[in-house]
Amino acid sequence: MATIEQPTERKVVVKEMSWDPITRIVGSLGIHTEIDFTNQHVLKCYSTSMVFRGFDIFMKGIDPRDAHFITSRICGICGDNHCTCSCLNQNMAYGVKPPKLGDYAYNLAESADFMFDHAIFNDCMANVDFCEQMVKETNPTLLKTAEQTPAPHGDIHGYKTIAEIMRALNPFTGSFYLETLQVARYTREMYCLFGGRHTHPSTIMPGGVSADITHQTCTDYYVRLMRYIEYAKRTVPMHDDLYDFFLEQLPGYDMVGYRDTDLICWGCFDDPEYVDYSYRGMTEWGRHRYITPGLVFKGELVSTDLVEINLAIRILLGSSYFDDWSSEETFVDKDPLGNAVDKRHPWNKVTLPRPQKRDWADKYSWVVSPRMYDKRNDSYVACDTGGGPFARQWVTAKAGLVDIGYLKATGTSLQMVLPRTASMPEMELEWKIPEKSNAIERDRARSYHQAYSALVGLHCLEKALVEIRAGRTKSWNSFTVPSEAVSVGFHEAARGVLSHHMVIREGKIANYQPYPPTPWNANPRDVYGTPGPYEDAVQNTPIFEENGPETFKGVDIMRAVRSFDPCLPCGVHMYTGAGRVRKVQHRPTGLS
Amino acid sequence: MATVEFVPNQQQTEQITAHVLWMTTGLSCEGDSVAMTSATNPSLEDIIQGIIPGMPRVVIHNQVVAYEVGQEYIQAWYDAEQGKLDPFVLIVEGSLGNEKINGEGHWTGFGVNPADGQPITTNAWVDRLANKAAAVVAIGTCATYGGIPAMKNNPTGAMGLPDYLGWKWRSRAGLPVVCIPGCPAQPDNMTEVLLYLVLHLGGLAPAPELDDQLRPKWLFGRTVHESCNRAGFYEEGNFATEYGSDHRCLVKLGCEGPVVKCNVPVRGWVNGIGGCPNVGGICMACTMPGFPDNYMPFMDEAPKAKTTQIPAQYIYGPLYRWARGWEIRHNGDKEPAWRHNRNELTTGYQPKNYARKGA
């Protein structure tokens, strides 16, 4: 007998949830969302930052040689990346090339910074979202499974089950968390050997490095580096075990933090044999970097040419507390090669702050909205940096240009060989370009990048020792500041692309525009309504947390946001307790 | 067995819970918090785990390391405002913008006002909490004196915490703002002062002695030059002419060390490694109230520095150098004559029972 059921109404509960500040990142970030708790997914996300300082305003008119000292202070964790980027920029403006030892010293300092930054961010900040305490509070069922699941690489890293890995990541009690705090110290000692201080260095200069580099400097670096390589041998398989467990146990977890593969990487670690820092030669020397620059639209590597990439950068407004600059002066209409430069390019950007009330429907952030112009279809693409390592490895692997023996890009993967260390044999690692751009793959790439950075450090150290043993200990060349110049520095901060654009007039800074990774990732909706990458990635995130709206922690959203390694000198806060009910919709669900 | 007390009233002082509310949301880069994670004397975990006998239990609320997020994290600030956290130390990192000049906007905020959905400014939090705190600490040059965001032509009117609260301001326990300058502050300087203040709250140490710029005297009593390992080159009039492998005194290349109060040459940067002049960097005066404006451009020698540098280079320095070089060549580098492998003993000792080989 057939029965016909009446159409029933299903209640869809949508709540506003906010997290501001978001902790375990650097800087002020707020994430404001609307979540559909009935269907377990995020409907809307707004990303906001509450801090404005105005570097590009107060740098006008200063001596360009002060730029690296000042811009370092933009960020407390990638300050040294800013400093280095500014020096690359100034080298272009002044036409100076450091001695090879100076170039290697830039690389040795920066690779140590990546080793530090990826270690502390992965295991003392982001992976706290995967620790036992957090999983117990958000997915207790999953924790039970983890107790029963053997870790596939337990023989290498020493943790027998997945739950043991999670316990090792508990803040201030877990063994791996505590070990990583120590690792994050001796890697900064490595940085200080060349940079003097971390995070605002005192020896990284235009023209080279003012550290007095001796055999002792290299010995002190070498012993710490080998200790780190041994740590990386345990770190990578441990993270693989943890992340694979989430993907296997929670089908669909690969949609957490998912977005299209629209990536940018400016490349870094110049090869002293090729780099001359000139704009004219930038296409060529850019491709010789140990991390390849590249622009990726929808999973296609469309360029590795830094000049082409430079000309495609646009700064848009839309939801930011700034006025438009279209009626302001144009600083650069042609680049040094004669190519046309857009009014919305950083060289022509003028910063005009207009503080005002926060309004989600209008202006709601101090972050602007950088986009990459896609000339093929006249569109502005919200590219992300994948938190740094994801884009760097994606582009480098795909381009297939890097080959330093123990580090090789194959076109589909990166092959790395880690040398024998005190208590572990040689180890081979291979990172393959993943199908999706999502939270887990960003985190996994960061782990592999610890090994990658260590190998770049090892290569540069061996080359630096060749220089020192041959008596070539000079690491700095003098220069003069020209009265007029147009220049750019392209570099990578640990968490992704970093560029500094400068215009010099009458020997002083006429315009200085730094674009760190976070404006690319954390930006609000632009003038065309296109959301920024955090917003986009969170809006695609399904909810796997077992808590309902009353005790909701938002761990899946946190994993999505933290996978980008935010550094807003920002945060996401939960200001309405259990969430304010935004609307209750009644939708007929039809026949059941 | 009777419990031994290693410090007076250990049982009681260890029962105290001191909260540390570390606000990173001044106009800052959070470089001080990041640097703090590299401290080793003491380390962050040393403080949390209570490394010194008698020290009160410490709970640190800092958003770079906090487990909690959003409302769960910010609750401590509301609790402190309502007197539920006592005692607590308020740390401010970053300078304070002038929020009187920006209409309905904000320069920097922390948390959101539930009533109107607008950010609560960092300045408003300082107003709410400073008079309830047992001690107020400004960490880093931005918070102490204004620093980089307070440069000439800045759009925010940035200032340091003593500029905001007033230089005569005192906490309810009678302490001025404790200033730990540096850009960023030297990591151990931060954790050591924090430990000191916690011991002070437990009654185990007197109030920290501060100078007229509110710096702890034991950390900022000497200049960079007075503890620099290159200062001897200055004395001998020996000055570096380029950065890098020239390991002589850096004053002519812009080093401000002779007139800057800072202990980095003694303490190094991380666990004794690094530190500006220790590895060849100029001192750019980042701990000083006049930083950065009074020291730019950083890579040029300060004009006033020539008055002492020139006599050192051309008058007494060469004399010292010659005299000491002579002393090294003619005395220090000479071994005494009795160190030899000849067929005799010439040390001055008169042996009674020795025999020659083969005799």
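Author: Helices here are DSSP runs of H or I with at least four residues, and strands are runs of E with at least two. Keep in mind that this is a predicted model.

Reader: Why is Glu30(B) called buried?

Author: The cut-off is 20 or more other C-beta atoms within 10 Å. Glu30(B) has 32 such neighbours, so it counts as buried. You'll find Glu30(B) in the loop between strand S1 (17–23) and helix H2 (31–36) of chain B. Its phi is positive, about 65°, although Glu30(B) is not a glycine.

Reader: Why does Phe269(A) count as buried?

Author: Phe269(A) has 25 C-beta neighbours inside 10 Å, so it counts as buried. This residue sits in the loop between strand S7 (263–265) and helix H11 (282–287) of chain A. Phe269(A) also has a positive phi of about 65° without being a glycine.

Reader: Which residues have the most contacts inside the largest nonpolar core?

Author: They are Ala105(A), Val89(B) and Ile91(B), in a core of 277 residues. Helix H4 (residues 100–124) of chain A gives the most to this core, with 14 residues. From chain B, the core draws at least three residues from each of domain 1 (10–219) and domain 2 (222–332).

Reader: What does Ile91(B) touch, leaving out residues up to four places away in sequence?

Author: For a contact, the C-beta atoms must lie within 7 Å. On that test, Ile91(B) touches Val20(B), Leu21(B), Trp22(B), Met23(B), Val137(B) and Ile139(B).

Reader: One last thing: is the peptide bond from Phe291(B) to Pro292(B) cis or trans?

Author: That bond is cis, with omega near -5°. Pro292(B) lies in the loop between helix H12 (276–279) and helix H13 (306–332) of chain B. Another cis bond joins Met296(B) and Pro297(B), with omega about -5°, and Pro297(B) too lies in the loop between H12 and H13.

Technical notes. Residues are numbered from 1 along each chain as its sequence is written. Chains are lettered from A and ligands numbered from 1 in the order in which they are written. This is a predicted model: local features need pLDDT of at least 70, side-chain atom pairs count only at pLDDT 80 or more; totals for chains, interfaces and linings use all residues. A residue is buried if 20 or more other C-beta atoms lie within 10 Å of its own, exposed if 12 or fewer, and partly exposed in between; C-beta atoms are placed from the backbone. A nonpolar core is a set of buried Ala, Val, Leu, Ile, Met, Phe, Trp, Tyr and Cys residues joined through C-beta atoms within 7 Å. Domain bounds come from an automatic or database domain assignment. Two residues are in contact if their C-beta atoms, placed from the backbone, lie within 7 Å.
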